[in-house]
Amino acid sequence: MRERIGQAEPLARARSVAPAIAAAAPRIEAESRLPAPLLETLHAARLFRALLPRELDGDECRPSAFVEMMEVLAGADASTAWCIGQSSGCSMIAASLAPDVARAIWGPCDAALAWGAGPQGVARRVVGGYRVRGTWNFASGSRHATWLGGHCRVQEEDGAWREGAGGAPAERTMLFPRAAAAVEENWQVMGLRGTGSDSYAVTDLFVPDAYTVCRDDPAELRHDGLLYRFTTTHLYAAGFGAVAMGIARATLDALRALAAEKTPASTTRTLRDNPVVQTQVALAEAKLGAARAFLLDTLRQCEAALESGAALTLDQRARIRMAATFATHQAREVVDMAYHEAGATAIFNANPFERRFRDMHTVCQQVQARSAHFETVGRHLLGLPAELRWL
């Protein structure tokens, strides 16, 4: 393992490969996957390893540093950033695995784990492990993943459903090589086309005990690093908020560049001489800057609290959710403004607006961006019972 370097390194590496990502963006869009040459570049830069433990040649970086890295990647191409963010969140499960198992999965330099949404499978207890069946959807990055995970409800050997905390059905994640699953390439969508978020299925697949984990269960955590005292939900929320902010930053910068050279029809003034555009650009900068500051400040305060030995409080968890969701929604407003003010220029594939518009609105359809999160946080702030699984 090479010598470890500073927390800023993932951001620096992201900046170094951003031009290659941007150059590959048309091919990513057309092929609905990350091309092999780009994947080689991303793996060489170790960008899939930001949230892996150091013992696995990971960066184990702080959430705030992860957000900064993700912003840069998303500014170059949102699908690439989304794949890295999804795989990075998945990789946090390594902190709950035995070291030899984790090395079997992430030992190769091109390792990437992907999984679909929700407990859509069933894992029946057998001697030495589980027999697994299920179909999972929305597996971002599954086309280049080396391993897949399947979230499952658990049946005991006698067929009884295992209960978790509070009597809810127990859920466990099964990890298996991609080759063990039947993958259906069915990702035909409006935006984030390059994520290749396909469906996959297994039937009566045996998964050994050592390759199963109850995600975010402190009782199964084998690593005491600061990062792993956050949950995967926190990193998904913050990371996908960063994707939205990166898209918004790139789109707003594109509008500013366009405004200096475009003279709209029926006028003799450039776009930047229009008082409406001037006002909208200033407001957009304020929205994006405020949202970014809120998210990063929230994460850094939480990091400082954990460094002092404290555990994350429910208030802090709610604040992460609020800041991440707010960042996503503010970023969407910025993109919508820039797309509209760019006029007819924005509708052409050759210009840097329409794909970012589509990507942004696809980001906002994902569960981490749903408006109901504000209700959840609001209920908590007002002293009412809240849906804690999203905090």
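These questions and answers cover cysteines, a pocket and aromatic contacts in a predicted model.

Reader: How many disulfides does the structure hold?
Author: A disulfide needs two cysteine sulfur atoms within 2.5 Å. The sulfur of Cys109 is 18 Å from the closest cysteine sulfur, in Cys83, so that gap is too far for a bond. For Cys302 the closest cysteine sulfur belongs to Cys61, 15 Å away, again too far. The number of disulfides in the structure is zero.

Reader: Is Cys109 buried or exposed?
Author: Exposed means over 50% relative accessible area. Cys109 has a relative accessible area of 60%, so Cys109 is exposed.

Reader: And Cys302, buried or exposed?
Author: The cut-off for buried is under 20% relative accessible area. Cys302 has 2% relative accessibility, so Cys302 counts as buried.

Reader: Which helix gives the largest share of the lining of the second largest pocket?
Author: This pocket holds about 160 Å³ of space. Its lining includes Glu29, Asn349, Phe353 and Arg358. By class, the lining has three nonpolar, two polar and five charged residues. The largest share, four residues, comes from helix α9 (residues 354-363).

Reader: What kind of aromatic pair do Trp82 and Phe240 form?
Author: A search of the whole structure finds nine aromatic pairs. Planes under 30 degrees apart count as stacked. The ring centres of Trp82 and Phe240 are 3.8 Å apart and the planes are at 10°, so the pair is stacked.

Reader: How many residues apart are Trp82 and Phe240?
Author: Trp82 is in helix α4 (residues 78-91). Phe240 is in helix α6 (residues 232-259). The pair links distant parts of the chain, and the separation is 158 residues.

Reader: Where do Phe294 and Phe326 lie?
Author: Phe294 and Phe326 form an edge-to-face pair, 6.3 Å centre to centre, with 70° between the planes. The pair ties together parts 32 residues apart in sequence, because Phe294 lies in helix α7 (residues 275-307) and Phe326 in helix α8 (residues 314-341).

Reader: Which ring does Arg153 lie over?
Author: A charge counts as over a ring only with CZ of Arg within 6 Å of the ring centre. The charged end of Arg125 sits over the ring of Tyr130, 4.9 Å from its centre. Arg153 is at 4.4 Å from a ring centre, over the face of Trp161.

Methods:
Residues are numbered from 1 along each chain as its sequence is written. This is a predicted model: local features need pLDDT of at least 70, side-chain atom pairs count only at pLDDT 80 or more; totals for chains, interfaces and linings use all residues. Side-chain values use heavy atoms; hydrogens and water are left out. Buried means under 20% relative accessible area, exposed over 50%, partly exposed in between (1.4 Å probe, protein chains only). On a 1 Å grid over the protein atoms alone, a cavity is a set of points where a 1.4 Å probe fits but cannot get out, and a pocket is an open set with protein on both sides within 12 Å along at least five of seven lines; lining residues have an atom within 4 Å of a point. Grid points are joined across faces, edges and corners, and a volume is the space filled by probe spheres set on the points. Helices (H or I, at least four residues) and strands (E, at least two) are DSSP runs, numbered from the N terminus. Ala, Val, Leu, Ile, Met, Phe, Trp, Tyr, Cys and Pro count as nonpolar, Asp, Glu, Lys and Arg as charged, and the others, Gly among them, as polar. Rings of Phe, Tyr and Trp (its six-membered ring) pair if their centres lie within 6.5 Å; planes under 30 degrees apart count as stacked, over 60 as edge-to-face and the rest as tilted. A charge sits over a ring if NZ of Lys or CZ of Arg is within 6 Å of the ring centre and within 35 degrees of the ring normal.
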